[in-house]
Amino acid sequence: MDRLIRFHCVSPPAASIVCRMDSAFRRIMHISFLDTAKTQKHDPASVCIRALCSEKSGPSLDVHQEPQRLTITQPDDWHLHLRDGEALTSVAPHSASVFRRAIIMPNLTPPVTSVAVALAYRERILKALKPNQDFLPLMTLYLTDNTSSSEVKIAKESGHVVAFKFYPAGATTNSQAGVTDLFRYCMPVLEEMVQQSMPLLIHGEVADSSIDIFDREHRFIDTVLTPLMAKFPLLKIVLEHITTQDAVEFVESCPPGSIAATVTPQHLLLNRNALFQRGIRPHHYCLPILKRETHRQALLKAISSGSKRYFIGTDSAPHERKTKEASCGCAGIYTAPIALPLYAQAFDKAGALDKLEAFTSFNGPDFYGLPRNTKTITLTKSSYRVPQQYGFGFGTVVPLFAGEILEWSIQEV
Ligand SMILES: NC(=O)N[C@@H](CC(=O)O)C(=O)O
Ligand SMILES: [Zn+2]
Ligand SMILES: [Zn+2]
């Protein structure tokens, strides 16, 4: 698809023109004048030719491009996997160069099940940052059948653990130690979470392999989330990485403030066809799995509505190339350094750029009861080629859209 860009001309001076560029922003296909008063002496065709000639022959094009700029409050990432060890050292600076804070997922091996372990992990995260990076990891605890309710109070008092994460056992990467039966084992701990105003973050899929993989989110809402909310109407819940129209309808049907949902860039930009684009695409595989187009449209409609119930959560989840490009590949997509431009692209395409900032920078802190950030970040609508891969100390990670051109890029934080 061709794109229109507005330029200010060097010659004729001060004239404004609109150029139709090819889809990669490399070639000017057509130029037309915006302000005929300033340019009436000039034949549009001659400017067009001069611009094209100087592009071919030369040092500089006869026009200055002015891409669209968007300055927003610095965002946070409300769902992030930083891993541990060498992987942590590699990926933490990527997130910290864009985001001010992030909710750190506890699905390490072994999982982060106690405040003591979470605080030690937090120290390792801080150590992994570059010297000038000012990044706050917001820690979470991995809920198990054996989590004691006293841990909730300790978590609250720590000041650094801000939520518990509920993985149905076996539902996703490193969830084997998760909850096997929430209603049987976790009632006292949930009760205490209500008392301490400690939010529960949920990977909302049933782990039952007899249920169709595309129906697992919907089934979870019906069989776990609905009864959970009926039992604990005051429990604060974040339904993580929602993927379906059913999830949107459910969230909308709940009283405001009781439940929020995070949405990933991949679920806004891709539908399930992307898993099988001229062959099988392991780098498009994550859980919950990509859904059909009608569900993607429902997510776009939800975020475009400006509702405070939805906010950013990249679910950036690095896996080494060889563990994804395998006969049984891991679930998880790496997006940390490009997630913000990806969201911008999704909001832009949906005609909702004016709703981007609330989604990335206001709704999350408001839900968690934390202050909004004060710094800003500037995005420009200029093309950026995603690296083919990142060569990290622990191995190679292939990001989403590797080698492809994005429409937005980050200019400065
Ligand atoms: N989203 C994923 O596909 N994978 C995540 C786990 C998760 O968030 O479910 C991971 O840790 O790799
Ligand atoms: Zn998950
Ligand atoms: Zn995740």
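In strand β14, T376 is the bridge partner of T73. Strands here are DSSP runs (E, at least two residues), and helices are DSSP runs too (H or I, at least four), numbered from the N terminus. The model is predicted: local features need pLDDT of at least 70 and side-chain atom pairs count only at pLDDT 80 or more, while totals for chains, interfaces and linings use all residues. Residues are numbered from 1 along each chain as its sequence is written, with chains lettered from A and ligands numbered from 1 in the order in which they are written.

β5 and β14 (residues 376-380) run antiparallel, joined by 5 bridges. Two strands pair if DSSP finds at least two bridges between them. The open sheet here has 3 strands, ordered β5-β14-β19, with antiparallel pairing. Its edges are β5 (69-73) and β19 (409-412), each pairing on one side only. Twist averages 35° from one strand to the next.

Another open sheet has 8 strands. Its order is β6-β7-β8-β9-β10-β11-β12-β13, and the pairing is parallel. β6 (77-80) and β13 (310-312) form the edges. Here the twist averages 30° from strand to strand. Within this sheet, β11 (237-239) and β12 (259-263) run parallel with 3 bridges. I237 has I259 as its bridge partner in β12.

Helix α14 (356-368) lies across β6, β9 (161-166), β12 and β13, at about 115° to β13. Contact means C-beta atoms, placed from the backbone, within 7 Å. Axes are lines fitted to C-alpha atoms, for helices over the stretch in contact, with angles from 0 to 180 degrees between N-to-C directions.

Ligand 1 is surrounded by residues including H81, N107, H203, C286 and D315. A residue counts as near if its C-beta atom, placed from the backbone, lies within 6 Å.

Key:
Contact = placed C-beta atoms within 7 Å.
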